[in-house]
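Dear colleague,

Please find the structure below, followed by an account of what was found in it.

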Amino acid sequence: MTLQASRLEVSASPAELQDWFESQGWTDGLPVVPPTPELVQAMISGSGLAATDVVAAVAPSGALATVEKVAINAVMAGCRPHYMPVILAALRAVAQPAFNLAGIQATTHPVAPLLFVNGPIRGRIGINSGSNVFGQGARANATVGRALRLLLINIGDGVPGKTDMATFGSPAKFSYCAGENEEASPWEPFHVEHGMAREDSAVLVHGGEAPHNIQDHASATPDELLLTFASSMATLGNNNAGMGGEMLLAIGIEHARILANHGMSKDDVRVELHRRMRLRFDTMGVAVRNFYRNRRAAIDVGPEVTDIPYLDDPSQILILVAGGPGLHSMVVPSFGGATRSARERVIVP
């Protein structure tokens, strides 16, 4: 196999080499694994594709990401070769037009692509779906998410202060990858819910903020638990309030069992949350309401209307089950109506 990328021979100590990579703008601020030809070749082999195959055009630059370029960034991120199919699926997903990668890369909002992995590939590559699912400790979660970020920087030119204009950013912009805890879920997995077979593997990409904790150690019934969920989700200040769009709800396994044991399906949860989640005009200033009115048609109502649904449709609440023991769940507000989640099947060689 002949590599197409230019080869650079650098005589330097490991510390000097890291400084050099950083000076080129090729890192996320953390040390990287030098992409030697041998490591890149092994990564390409893990994809089952040719080095020159084009995966996607990456916004905002529009540059084409070939399998070889993906492999280089995956090596730098610390990935193992058998992670490549998940990285490729994630890249194809963020390149879907509805995801609006150009907007996500350039906004002042702290949005980042959240990857949720489903199917047997989780066990094959070691994706954590349980305790500390959004945290440290699992190489696959950390490096797959990081590989996507390096691709957004090095191929898409999503460079902070240049095209990436995030006011604050978020730790989620380093790496944001989790697995659905299908084994502990009382419901069918997300990818099955959306038309795939259980034996398929898939990646969901959600343009989201960092996860917001929902703590409820007291509620024992759906009525009370969903009151906590709705209150935690329907807040001012995020893009969903003014732009609608999707929100992702990662329900903890103990909260999911409370709901399912009382006969609730995921559709039931969505419908009930949509009913309870209200955007109340008396909680916002006049200027904010007018600002939102220009961005969301449902807010352009008369003075007799005091509140409207927080989201436009129950289907905009994406539900997965994740995490380990503990009475916690997580909500991930999105970039609002400016993005839609994207799904891709993982093609395993």
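In this predicted model, domain 1 and domain 2 bury about 2200 Å² between them, 63% of it on carbon and sulfur atoms; buried area is the accessible area (1.4 Å probe) that two parts lose on being put together, summed over both. Of the area that domain 1 buries against domain 2, Trp187, His206 and Glu209 supply 33%, more than any other three residues. The bounds, from an automatic or database domain assignment, are 9-209 + 339-349 for domain 1 and 210-333 for domain 2.

Contact (heavy atoms within 4.5 Å) involves 30 residues of domain 1 and 31 residues of domain 2. Across the interface there are 2 salt bridges, a salt bridge being a side-chain nitrogen of Lys or Arg within 4 Å of a carboxyl oxygen of Asp or Glu. Strand S3 (112-118), helix H8 (190-193) and strand S5 are the elements that give two or more residues to the side of domain 1 that touches domain 2. Among these, S5 gives the most, with 4 residues. Helices (H or I, at least four residues) and strands (E, at least two) are DSSP runs, numbered from the N terminus.

Strand S5 (residues 202-208) runs antiparallel to S12, joined by 4 bridges; two strands pair if DSSP finds at least two bridges between them. Alanine 202 lies opposite arginine 345 of S12.

Residues are numbered from 1 along each chain as its sequence is written. Local features need pLDDT of at least 70, side-chain atom pairs count only at pLDDT 80 or more, totals for chains, interfaces and linings use all residues, and side-chain values use heavy atoms, with hydrogens and water left out.

Yours sincerely
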